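Hello,

Here is the structure for you to look over. My notes on what turned up follow below it.

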Amino acid sequence: MFRRPLCLVTMAFVAAVFIFLLVYPPDYSDLGYENGEYITISGKVTSKETGTDFDDNQVQVLYIEDFEKEDTIVKVYLASSYQDIYDNIPQIGEQITVQGEYYAFSRASNPGEFDSRTYYKILKIEYQIREGIVKYNNNDPDRFKESLYRMREHLKKIIDDTFEDEDASVMKAMLLGDRTSMDEDIKGLYQGAGIIHILSISGLHISILGMGLYNLLRRLRLRIIPAALISIAMMMSYGIMCGMGTSAIRAIIMFCIHMLAIVLGRTYDMLTGLSVAAMLLIFEEPLYIYHSGFLMSFGAVIAIGLVLPTLSQGIIPRDADYTKRMDKLIRNSENRTVRDYLMIAREKIVEGVLSIVRASLSVSAVILPVQMNTYYTFPVYSVFLNILVLPFMTILLGLGIAVLTLGSVCTGIAMFPGFMCHIILTMYKGICIGSRYLPANTWYAGHADAWQVVIYYILLIVFIISYKYIREYIKRKLDPEDSGKNGVAEKRSEKQKRIIYPYLVYLIPVIAVWILAIRIRPDLRLSFLHVGQGDGIVIEMENMTYLVDGGSTSRSNVGKYILTPYLKYEGIGYIDACIITHEDKDHISGVLELLEAMPAGGIRIGSLILPDCDTSCRESGYEQLEEAAIKAGVPVSYIKRGDQLRTGSSDITITCIGPPEGMYTDGANAHSTILYIEHKNFSSLLTGDVEEEGLRSLNEFMSQNSSEFSDLTLLKVPHHGSRYTTDEEFLDILDPLCSVISAGRNNMYGHPHEQVLERLEASGCKYFITYEQGAITVDSDGRGDALKLKSFLAINGLW
């Protein structure tokens, strides 16, 4: 590292940019438009693609550089009237005027949730326009980029004609960088097995295509400079055609530097090339240092260039005599016996497998903190699965290129390489599915704090330095020439010692991972997630986790995009029980998703607990939950007033105070499950949507035990703040310190109702609304007067 001054300069530059962004964070404020407002913009088309709109219809998507706002890109979904009219689609480089509906990219409002606004901000895309209509076109396109776009569409059609849909989506991602048509289940399979990296345009593609082209041109007797220039031009064109993702840009910059080194007759240094690529990218867009793709791409190359060379040399130097014998055997091809050939084959297979394992371990070690803070999980067997996957990648890419080449002539003759691709992809899919049945296949690591990441990388550097030092030390000790007169005795002594102490260096990365995995949790945590118009509450204790409801009527796929990410963020892969207050959609839609995803390796649920109400008042959602649980192999139980849940702690009790056993109600809301939580001086009441006869029954029960329920610390306001709940009697009995209202912004029901807010204020109860605060997390140490309440969208506060 110190022999590469540019690497040190890059490290200092990245650190300076990081500190600058901490002091002067980017502006994420809205542009003053309302979502759905009809606006008009003028700009130049920088790129385009075929994508899906918000109704899953295939439409054309344009990226327009706004003339009025410098360095601002707008993502425009053209109206469906443009869908199949190729001539009406603006060409790249044209200056156009577009009218359509303005929509800001959504901000994350829960821990672990994908933040679209930040993601697109990094790409300089400020907002989106839906149902866009092109009003003016000056017909002055960028012929080069437009030709590349049409070539990409032509190649995509060849892939579609050659493969079935599933294989086609994978090959388009792998060869052309197009993931728009990829099935989410397939993407999840590759990600869950830890081989999602093969779907990105990366250094492997550029090295195979670029160096392959350069070597071909040299074999055709073309001089070095023209061959290098043609190869660079072709790789840059390929990158532009595939969309120039961060990994592709990095690989192309490094390839250009490699070609420059060849032209100048200099030695190419991978880490120096990586430093140049990093500086160029961050200088162009500083926010790249927050981009997971950027961090993983550069981290992988750092691992290959810095960590792998260290691990490639065993900590105990190999026996010199054995190495000499093998080298002689490999060089001398005459008079080899079958045994000799088997020894050589075994040696090469072992070295090949070990090289893949070392490379995979090196990459995993460097990008582990990035992986944890991006996906919050780690595929345990990914290191070994890559042994099966990576050897076929070069073959698969070669066959894919053959499909595109032959398919341009005749689709029929592309079927044979296409069939070979299908065999490899089927094997990949089988490996991914098989890995799901391996025990403890996924480590739910959760997110790591900044101090953990810093200590982890410090220890990783210490490990690399120590590894090199110990290896050199042992090598000197085992060299008889350096042992003096007592060389034989010293060598014998070292052979006895080397079995134990050199390998202690491997404790350093073990300790580093242990520090990265530390999760300091309070005795009790309640998290009220912002699910839109609905409810989703996670109760975390030292050794147990409960999910109370999980659904929404205003946000789709709430289980996939909110519940699961939050649980992974917290490092939770197992829910002891999912407690349903009642069967309305806004309380169960996400839970149904979790149950459906369980057989495919999703979050596991120990049991499903439903309210014990009269069978005649159980609505369709109730039966739907029971059927989904049975299908997922989850036992179902029923809860009533007086039942208690296991907490694993003598200081925490969770008691059901509603509904009474077999309660008959006119509606599902009235028989909601009501949970009373106590932790020393802290108390909380989770009320579901209780109202009408259910609220009357609850008030009567609590009035009879008023001393037990008075001075409540935290209230979950019933029914999202409906005007028909949270009456004066209810508040007088509880006298809550603070409350949480779970509701969606601008919902059709008018929740929370103004009268409820006035009643809360009159009682002296501070309230927090999820659509204003995002997810609301309450940590309790058992002292009601020292409640720590954190809002995801606001500054953390203490109560």
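Ala440 is exposed, with a relative accessible area of 63% (exposed means over 50%, buried under 20%, partly exposed in between, with a 1.4 Å probe and protein chains only). This residue sits in the loop between helix H15 (415–435) and strand S7 (442–443). Helices (H or I, at least four residues) and strands (E, at least two) are DSSP runs, numbered from the N terminus. The phi of Ala440 is positive, about 50 degrees, although the residue is not a glycine.

A word on the source: this is a predicted model, where local features need pLDDT of at least 70 and side-chain atom pairs count only at pLDDT 80 or more, while totals for chains, interfaces and linings use all residues. Residues are numbered from 1 along each chain as its sequence is written, and side-chain values use heavy atoms, with hydrogens and water left out.

Thr726 also has a positive phi without being a glycine, near 55 degrees. Its loop runs between strand S20 (714–716) and helix H24 (728–734). Is Thr726 buried or exposed? Thr726 counts as buried, at 0% relative accessibility.

Next, the cis peptide bonds. Most residues other than glycine have a negative phi, and most peptide bonds are trans. The bond from Gly658 to Pro659 is cis, with omega near 5 degrees. Pro659 is in the loop between strands S17 (652–658) and S18 (674–679). The bond from His751 to Pro752 is cis as well, with omega near -10 degrees. Pro752 falls in the loop between strand S21 (738–741) and helix H25 (754–762).

Now the helices. In H18 (residues 507–517), the buried residues are Ile508, Ala512, Ile515 and Leu516. They cover an arc of only 100 degrees around the axis, so they lie on the same side of H18. The arc is taken from the directions from the helix axis to the C-beta atoms. Exposed Val510 and Trp514 are on the face turned away from that buried side.

Helices H20 (585–597) and H21 (620–632) pack at about 20 degrees, with axes 9 Å apart. Axes are lines fitted to C-alpha atoms, for helices over the stretch in contact, and angles run from 0 to 180 degrees between N-to-C directions. That makes H20 roughly parallel to H21 (angles under 35 degrees; over 145 is roughly antiparallel, 65 to 115 roughly perpendicular, the rest oblique). From H20, the contact (heavy atoms within 4.5 Å) is made by Ile588, Val591, Leu592 and Leu595. H21 contributes Gly621, Gln624, Leu625, Ala628, Ala629 and Ala632.

Best wishes
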